[in-house]
Amino acid sequence: MRSLYLVGAGMVLGALVSLLAVWAPMVLQQASEAGVSISVPALMAASGISTVESELKHISLLEAQVEQLKVEIAMEQAARGANTAATAATAPSPVDVLKHDNTVTIDLFKLLGLTSFYAGVAWDPVGCMPPYKVVWPNITDEESKLAVGRLAAEMRAALAEIKGVDAESINILKPFAEAFGDEFESEASLPTDPTFKRWRARILTVMLPYMPRGPDRAMIMHDYCDNLKGKVFQPSDMGTPATRCDPPWSDDEVIELWGFYSLPYDSIYAMAQQFVAIGTCSSQTRNKRPSYGDWLRMERIFNDEWHTFAVDNPHHDAALVLFDVLYEKLAVFTKQYWLGVIMMQNPFDMYSIQDIIFTVRPDVVIETGTANGGSALLWASVMHLSDMDTSKVVTLDVTAPSWQQGEASWGGHARNDPTQHSLWKKHVTFIQGDTLEHETIKRIKDITGSKTVMVLLDSHHTEDHVSKEMEVYCPMVTAGSYCIVEDTKLSRWSSTGPLESVKKYIAKHPEFEMDRSRELLYTQHAMGFLKRK
């Protein structure tokens, strides 16, 4: 920009000088021929110039300024040329700039964080091993330390073999990214490191001979290895030939059965110590992708088969699923309160469901999955505000909504006891029991009778359980009302299957239709609002 200014200024000044040189004699000549006397001073005055001498000085000054501008322009162009030459190899071409100009890059590793990138954003294990203290209540500290030391040594040897280094060179107190010195710039380089991928695949293979099944003191591989069947073991046996499968299992076979170790980036000592002290759980293989983040990126975003939100644009769908994953990772549901009670329903769906209650005006809302009790209290509030004085929320769970001031749980910190609120006492009936037990179902049917019924299914979110609940509770819904299957989101970015249940059910039950108008852009119940015709 500065160069353009300087060039422009020079051109204007040069043109002015040339114009004066040509135009002044022509005017004087014409004036003389016409008999009009025009003096040079008068001409100069008409042009804003007092005398010829002063104008000549002015022109000389302008010429000097133009020459100085030329020098500055030359220097700036030379400097720019040097910079251009230095960056030419890495600078994108104009085509590349135009091609990527509108792209926003989101790094899933940074979005999810280290733990969630590998283990996922929801509790979704393949299998779990209890702490040694649960298996052997009388285990001594020395026996625990021996097991930790033995496992750490074997893990160190396995990593050394994969890495092709001496075992003594590996610092077992440092996480993987620091265990070999300054090799890794940051943890963000782990997903693309081939050694780390092999290490993640090997960890559970090393751990299996140290992994008891439970209080029966059998090994977790009891049902898969003939030489382990019918045997019980002591802490001192862990990691010895007595607890190893014969023949041994390969890494791929272990992954096929148990998945991946959830926290592979920890230090070897931390993994061994936590393994013995608090147990361990393995995470899903997710179609054999090396990490949850890779699976999410490759199979659940910009995939027509998993375009679940009620939007036509695939970029809108991608933005919504990333928001959904972030919502879960940050556990926003633990920070939502209704009348001082944890209310885990996301605000978009809360608005949609309250409007359904207001519009349909059911006599009974059946809710499976009470949890903290916040949602039942919210529905009771809607009934109160809608003058539905006789309507009831019948909420079911295997455990009652316990409460203690400041108590922390997976659902957040308790503030108030929902069961003591006047609206709970007026509108809510809690039934403790399994939603699929005969006695529980009978009690619900006795309550509903011939009344207008709405159903919210929000208990155990596996495909099998949701399918069974739908067969029991959706038929109770009256015409014009809804059976809402909640948390279908889990099918997209987890391994549980509410959405699969919905698709199978609606294919067999034409009396229901998906009401996608109830999905307010973002929803955790995509395709789950089923309206009875």
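This is a predicted model: local features need pLDDT of at least 70, side-chain atom pairs count only at pLDDT 80 or more; totals for chains, interfaces and linings use all residues.
Most peptide bonds are trans, and most residues other than glycine have a negative phi. On the phi side, arginine 217 has a positive value, near 65 degrees, and isn't a glycine. Arginine 217 is also in the loop between H8 and H9. Its relative accessible area is 29%, so arginine 217 counts as partly exposed. There's another one at alanine 331, with a positive phi of about 50 degrees. Alanine 331 belongs to the loop between H12 and strand S4, which covers 337-338.

Now, the cysteines. How many disulfides does the structure hold? Three. If you number the bonded cysteines in sequence order, they pair up as 1-4, 2-3, 5-6.

Take cysteine 128 and cysteine 281, with an S to S distance of 1.9 Å. The torsion about that S-S bond is about 110 degrees, so this disulfide is right-handed. This pair ties together distant parts of the chain, 153 residues apart: cysteine 128 is in strand S1, residues 125-129, and cysteine 281 is in strand S3, residues 280-283. Are the two ends buried or partly exposed? Cysteine 128 is partly exposed at 37% relative accessible area. Cysteine 281 comes in at 19%, and that counts as buried, because the cut-off for buried is under 20%.

Cysteine 225 is buried at 3% relative accessibility, and cysteine 245 is buried at 16%.

That leaves cysteine 474 and cysteine 483, whose sulfur atoms are 2.1 Å apart. Which hand does this link have? It's left-handed, at -55 degrees about the S-S bond. Cysteine 474 and cysteine 483 are both buried.

Next up, helix H12, residues 314-329. It has 16 residues and runs 23 Å from first C-alpha to last, close to the expected 22 Å. The buried residues in H12 include Asp317, Leu320, Val321, Asp324 and Glu328. Remember that an α-helix has 3.6 residues a turn, so residues three or four places apart point the same way. What do the buried residues of H12 pack against? Four helices turn up: H5 (108-119), H11 (292-299), H13 (347-360) and H18 (489-493).

Last stop, the surface. Phe348, Tyr351, Leu520 and Leu521 make a nonpolar patch there, together about 390 Å² of accessible area. Leucine 520 comes from the loop between strand S13 (512-514) and strand S14 (529-532). At 36% relative accessibility, leucine 520 is partly exposed.

That's my tour, so over to you.

Notes: Residues are numbered from 1 along each chain as its sequence is written. Side-chain values use heavy atoms; hydrogens and water are left out. Patches are made of residues with over 30% relative accessible area and no salt bridge: like charges are joined within 9 Å, nonpolar side chains (Val, Leu, Ile, Met, Phe, Trp, Tyr) within 5 Å. Accessible areas come from the Shrake-Rupley method with a 1.4 Å probe; for residues, only the protein chains shown count as cover. A salt bridge is a side-chain nitrogen of Lys or Arg within 4 Å of a carboxyl oxygen of Asp or Glu. Helices (H or I, at least four residues) and strands (E, at least two) are DSSP runs, numbered from the N terminus. Buried means under 20% relative accessible area, exposed over 50%, partly exposed in between (1.4 Å probe, protein chains only). A disulfide is a pair of cysteine sulfur atoms within 2.5 Å. The expected span of a helix is 1.5 Å times one less than its number of residues. Contact means heavy atoms within 4.5 Å.
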